[in-house]
Amino acid sequence: MKNSTVYIVGGQRTPFVKSFTAFAEDSTQDLMTYALIALADHYHLKNKLVGDVALGALINSSNHWGLAREAVLGSGLSPYTPACFIQRACGTGLEATIFIANKIALNQIDWGISGGVDTNSDLPFLFSDQLRSIVLRLRSAKSIADRIKILTSLRPGDLKPMVPEVKEPRTGLSMGEHCEKMVKEWHITRLEQDELALISHQNAGKAYAEGFYDNLIVPVRGVTRDGILRADTTLEKLARLKNSFDFSLAGTLTAGNSTPLTDGASAVLLANEARIKQESLTALARFVDAEVAAVDYVAGDGLLMAPTIAVSRLMERNQLTLQDFDYYEIHEAFAGQVLCTLKAWESDEYCKKFLHRDKAWGSIDRSKMNVKGGSLALGHPFAATGGRIVASLAKILSQDKPGKRGLISICTAGGMGVAAILEGV
């Protein structure tokens, strides 16, 4: 059987807000459900059976072990709609989209939903291994004397909660600390990072003024727009911010050129041509192809450089060059990470060593990058970012001439990268 063409119908998301603020009382499941309800309402999916739903989160509690299915059951979709949980760190939302797109392409389903959510406001707390051991032993104790003996081994320090940290287990460094190492290696200045952050905020502010996000974001708790955006920021304001990771004079990453901890959720509807006609839907873009890659960051490769490899492999398979795109959505985990990626593609040495190319791949037209703002301006709820980018890029392409191409590039924790190509229809 011939593979089906996969289309992006559209997406919906919550506003993205700083953690511990507007959505502080909402659980991970709550936020994911809000996004699914919005998608179901927008595309008239109430009580309809969708082929499959793939959702994910980076930070998730064991209390939400059934997050995807529970969110579907609260969304208004048919209760017969299946769902599964996917996680690839910051690339989770895009990975979920790839999962659903592949199922549609293989004719296993004719439509599906991808999405992701993260909220640091619903951060799960852990306890020490010693306390866990004591509790488990208490459950199996046979007598009161046994229980007393077990309890006497308890120490005050065993009761101290452990807050999960977004650090690489094999290096003990946070993503920001790793990025500081990268920008030093690539000689990226503080000014260059601040300039990229400024453009992101300016592009996002212009997009809001034009109404671009009006039908992509659903109000939640009275919040109608992303809370990170500072359309009136300036280089002078950004320059006054203190270092966030390297506190020496050599540090260049700040709260202004790095994404803050963010709460939010997103969802995307994908379908084949037959289902689009059956449901009287409109396709915004075609999902062409995707690729993932990883680097050996433990051995010294830059933690966030894997997208350079994923994009290169993707281009080879599709016989495209880096310059064959009308729009670039490069996830701005840090301004420095984006700049390192662009500089790597311009390096003969890097492209020969890591991309197995004869020479430098070249530059992109930066005026085509993150034209409606990026993560620095809009926020980055880890697993929700992929859905935000897919839906926004699909809408951008739908407003241009058919055949225009868009490239998505997302770096992730663990030294991985995810990339995808969308094409206007």
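1. Val17 stands opposite Asp263 in strand S6. Two bridges join strand S2 (residues 17-18) to S6, and these strands run antiparallel; strands are DSSP runs (E, at least two residues), helices likewise (H or I, at least four), numbered from the N terminus. Two strands are taken to pair if DSSP finds at least two bridges between them.

2. This is a predicted model, in which local features need pLDDT of at least 70 and side-chain atom pairs count only at pLDDT 80 or more, while totals for chains, interfaces and linings use all residues. Residues are numbered from 1 along each chain as its sequence is written, and side-chain values use heavy atoms, with hydrogens and water left out.

3. S6 (residues 262-271) also pairs in the antiparallel sense with strand S5 (residues 111-118), over eight bridges, and with strand S1 (residues 6-13), over six bridges. Gly115 has Ala267 as its bridge partner in S6; for Tyr7 the partner is Ala271.

4. Arg275 lies in helix H9 (residues 273-278) and counts as buried because its relative accessibility is 13%. Its side chain makes a polar contact with that of Asp110 at 3.2 Å; such a contact is a pair of N or O atoms within 3.5 Å, where within protein one must be able to donate a hydrogen and the other to accept it, and residues adjacent in sequence count only if both atoms are side-chain atoms.

5. The 13 residues of helix H10 (residues 306-318) should span 18 Å, and the end C-alpha atoms are 19 Å apart, which agrees; the expected span is 1.5 Å times one less than the number of residues. Gln319 follows H10 with a positive phi, near 55°.

6. The largest nonpolar core has 54 residues, with Met315 and Leu407 having the most contacts inside it. A nonpolar core is a set of buried Ala, Val, Leu, Ile, Met, Phe, Trp, Tyr and Cys residues joined through side-chain atoms within 4.5 Å. Helix H11 gives the most to this core, with seven residues.

Methods. Buried means under 20% relative accessible area, exposed over 50%, partly exposed in between (1.4 Å probe, protein chains only).
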